[in-house]
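Here is a short briefing to read alongside the model.

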Amino acid sequence: METAVENAMKTVMETQCPFCSVQCKMTITETIEKGQSTYHVEPKQNAASEGRLCIKGLNAYQHALTGERITEPLMKKNGRFVPVSWEEAYKKIAEQFTALQHQFGRDVIGVYGGGSLTNETSYTLGKFARVALQTKYIDYNGRFCMSAAATAGNQAFGVDRGLTNPLSEVRKSDCLILAGTNIAECQPTLMPYFRDAKENGAFMIVIDPRSTSTAEMADLHLKVKPGTDAALANGLLKVIVDGGFIDEAFLAARTTGFQEVKEHIDSHKLEDIAAFTGVPQADIEEAGRKFGQAASGMILTARGVEQQTDGAMAVRNFINLLLVTGKIGKPGSGYGAVTGQANGQGGREHGQKADQLPGYRSIENDEHRAYIAKVWGVEPDSLPGKGVSAYEMMEKIHAQEIRALFLMGSNPIVSNPNANFVEEGLRKLDFLVVADMLFSETAQLADLILPAAAYLENTGTLTNVEGRVLLREAARPAPGSAKQDWEILSDIATLMGKGVYFSYKNAEAIFEELRLASKGGIADYYGITYDRLRKEEGIYWPCPSLEHSGEKRLFETSFPKPDGRAVMVPVPNEFPKERAGGEYPLTLTTGRVLGHYLTGVQTHKSPTLEARQFESFVEIHPKTARRLKIEDDALVKVQSRRGEVIVRSKLAATIREDTIFMPMHWDGIQNVNKLTSEALDPSCKMPGFKVCAAKVTPVLAAR
Ligand SMILES: Nc1nc2c(c(=O)[nH]1)N[C@H]1C(S)=C(S)[C@@H](COP(=O)(O)OP(=O)(O)OC[C@H]3O[C@@H](n4cnc5c(=O)[nH]c(N)nc54)[C@H](O)[C@@H]3O)O[C@H]1N2
Ligand SMILES: Nc1nc2c(c(=O)[nH]1)N[C@H]1C(S)=C(S)[C@@H](COP(=O)(O)OP(=O)(O)OC[C@H]3O[C@@H](n4cnc5c(=O)[nH]c(N)nc54)[C@H](O)[C@@H]3O)O[C@H]1N2
Ligand code: SF4
Ligand SMILES: [Mo]
């Protein structure tokens, strides 16, 4: 029996929240007294979060520190996971990868990453695919997140950085358009920027089919029909052009394509746009006028606008609005694609995307290939070409063109569209390796699970919503034999005979190579070092030299295009996509709630967050519910052409009558992606997560 009175032991952990793109800093203190641990979480000052934390950050210690972590490699033997040594795990990987590549060619292995991984891991993962495995098939979950905004930003401006201005400028802006972004629930610690802007007199317009907590703050809420943002932006453009609110000098000096846009806009009637988008004409007129007349203005888009099969074009039309009014590259005037994941920004810059090399270079550009090949010490010809997007990889898996998958930092059977098809495909794989710290639904299908370090145990840099690079240092050792992601990659590369290219001592050594690899690229990190990051509160990219302070506001004098001009393009009102009607009369849209994160692997492990919301729901307007004989809080079946789910109804007059909403945080019978469609945006391959024709029926007849 333990009789001695133990002294309380304290461990102080300085870290960064693993969830959204704000990357709030925090201090977690663990006190161990009489063998019992208690935890105390304090927000920490940082430029973006300004010392705030939301409920997810406050509880992020729970999944990482309390139970259920994977602490040793697990191999499936006779249908059950059995702990094995790293040696046995690695031996299995080398055997399987070598045999499969020998039989079917190099591209038989797919690599799939994620936007929670650090810059160092994302970079190493891209190099791992191209140099260690020499497969062209690599992509990541950011395809479902930032790809539409990235394509639009690259096409219009020549660069894709989430916010073109520092967050602090939101406070100075006179008119804010928040399109398909629910900041109140998804980046809660940013809310004070918007509240302050309003106090300073800004006019706020929110575009969302639901009255979210973000929309409640708006001066004008445009309750758009899902999937019609491109048309709505045409309406706003029309009001601005017809009202003479354009900035002719800016258009002449800094842009191309205005004439074509004007002709296109002239051919539209506002009443048609009002009917198509479901937004009253008077509201479109007021919104256009307010934005056109304001001295400064910012437009922020997020997944509501972007997760559409015309997402990239819809974003371009919002960018058109900024360009016609000259509201870019100035204080309080700019664009923001509100980035989602912790490293949703950096994760999309350094090579885990199918067509990308580090520094936002292109794998299809010979000069870029030659530069990166030199940094890596390989022949340019040895680098594979461009692969395919995340969902297209799932199609190749289904067709058994890809027979082995190496997965790090994602849970695709829950997060991909058309989830039944994706699960069927993953079950056909000859060999599935998952590196994770928790048992995701996808990990449960694996042949081998490798235990990964969580954010508390893992040093690396992450680039936040503003394009500001932050250093997160390991605050404690990983449990059991869990390893850092980059260590796992280096070890496997060594086994594949490519160790010489992966001989990193630590994360900083990878960052030093990344600096060089990104040098001269669009996302130039060359001037950023760990030492600088420790001293400064994060550094914006591009930062081309050690003396450079990092570019806070982009496009002040020119755009990174060959002629220095931003490109405008006419955007049609309507694109072919699945529309509600006939057997599936409602439009299902999907998204998030405050307390859970993505597929919920981490937040469902937090008792506090889980207690707030332990099951999914479908939000439905009371009038629609009455017509369908659906009561509040009743079990209902939601069906689309691809599948069905069963969840509880949540009656809310805040949603459009023709629309229903479901969150994405649950798996199995509640997985909303069993319903969503496989259709992709042709330019960026973003799925249309935000529009799906559906029907709802009660599971039990109403009383
Ligand atoms: N609590 C929480 N926060 C998160 C996350 C999380 O899972 N949970 N995930 C993080 C990640 S990775 C991301 S990408 C971001 C996502 O952040 P957001 O994009 O803000 O979140 P969503 O809920 O997906 O969608 C935003 C809004 O779009 C609306 N919407 C739906 N369809 C349409 C449409 O056709 N047009 C318009 N204009 N609006 C529409 C929805 O009603 C919703 O309110 O959040 C990040 N933060
Ligand atoms: N219907 C619908 N579907 C959607 C969306 C939507 O709005 N609607 N949104 C899409 C968007 S924007 C996104 S971003 C995707 C995200 O979807 P997923 O990629 O599935 O994201 P997570 O649920 O965060 O899964 C991440 C997994 O990686 C693990 N993990 C976390 N950090 C690390 C790490 O550092 N190392 C390793 N090795 N593992 C780690 C977690 O434990 C978890 O199992 O979902 C998309 N799917
Ligand atoms: S979820 Fe986002 S806003 Fe909330 S604490 Fe974490 S980083 Fe900050
Ligand atoms: Mo995302």
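Helix H14 gives the largest share of the shell around ligand 1, three residues. Please keep in mind that this is a predicted model. Ligand 1 sits in the second largest cavity, while the space taken by ligand 2 is the largest cavity.

**Ligand 1**

- Around ligand 1 there are 35 residues, and those that come nearest are Asp-208, Gly-227, Asp-229, Arg-592 and His-596.
- Sorted by class, this shell around ligand 1 holds 13 nonpolar, 14 polar and eight charged residues.
- The backbone takes part through Gly-180, where a polar backbone atom is 3.4 Å from a nitrogen atom of ligand 1.
- Glu-185 also uses its backbone, with an N or O atom 3.0 Å from a nitrogen atom of ligand 1.
- From Arg-592 comes a side-chain contact: an N or O atom there is 2.6 Å from an oxygen atom of ligand 1.
- On its own, ligand 1 has 910 Å² of accessible area, and the protein covers 100% of it.
- Two or more residues of the shell around ligand 1 come from each of these elements: helix H6 (183-186), helix H14 (303-306) and strand E23.

**Ligand 2**

- Which residues come nearest to ligand 2? Of the 30 around it, they are Asn-141, Ser-410, Asp-436, Thr-599 and Asn-673.
- The shell around ligand 2 is made up of 13 nonpolar, 13 polar and four charged residues.
- Ser-410 places a polar side-chain atom 2.6 Å from an oxygen atom of ligand 2.
- Thr-599 has a polar side-chain atom 2.5 Å from an oxygen atom of ligand 2.

- Which residue in E28 is the bridge partner of Gln-639? The partner is Lys-695.
- As background for viewing these strands, side chains in a regular strand alternate between the two faces of the sheet.

Methods. Residues are numbered from 1 along each chain as its sequence is written. Chains are lettered from A and ligands numbered from 1 in the order in which they are written. This is a predicted model: local features need pLDDT of at least 70, side-chain atom pairs count only at pLDDT 80 or more; totals for chains, interfaces and linings use all residues. Side-chain values use heavy atoms; hydrogens and water are left out. Two strands pair if DSSP finds at least two bridges between them. Helices (H or I, at least four residues) and strands (E, at least two) are DSSP runs, numbered from the N terminus. A residue is near a molecule or strand if one of its heavy atoms lies within 4 Å of it. A polar contact is a pair of N or O atoms within 3.5 Å; within protein, one must be able to donate a hydrogen and the other to accept it, and residues adjacent in sequence count only if both atoms are side-chain atoms. On a 1 Å grid over the protein atoms alone, a cavity is a set of points where a 1.4 Å probe fits but cannot get out, and a pocket is an open set with protein on both sides within 12 Å along at least five of seven lines; lining residues have an atom within 4 Å of a point. A molecule sits in a cavity or pocket if more than half of its atoms lie within 2 Å of its grid points. Ala, Val, Leu, Ile, Met, Phe, Trp, Tyr, Cys and Pro count as nonpolar, Asp, Glu, Lys and Arg as charged, and the others, Gly among them, as polar. Accessible areas come from the Shrake-Rupley method with a 1.4 Å probe; for residues, only the protein chains shown count as cover.
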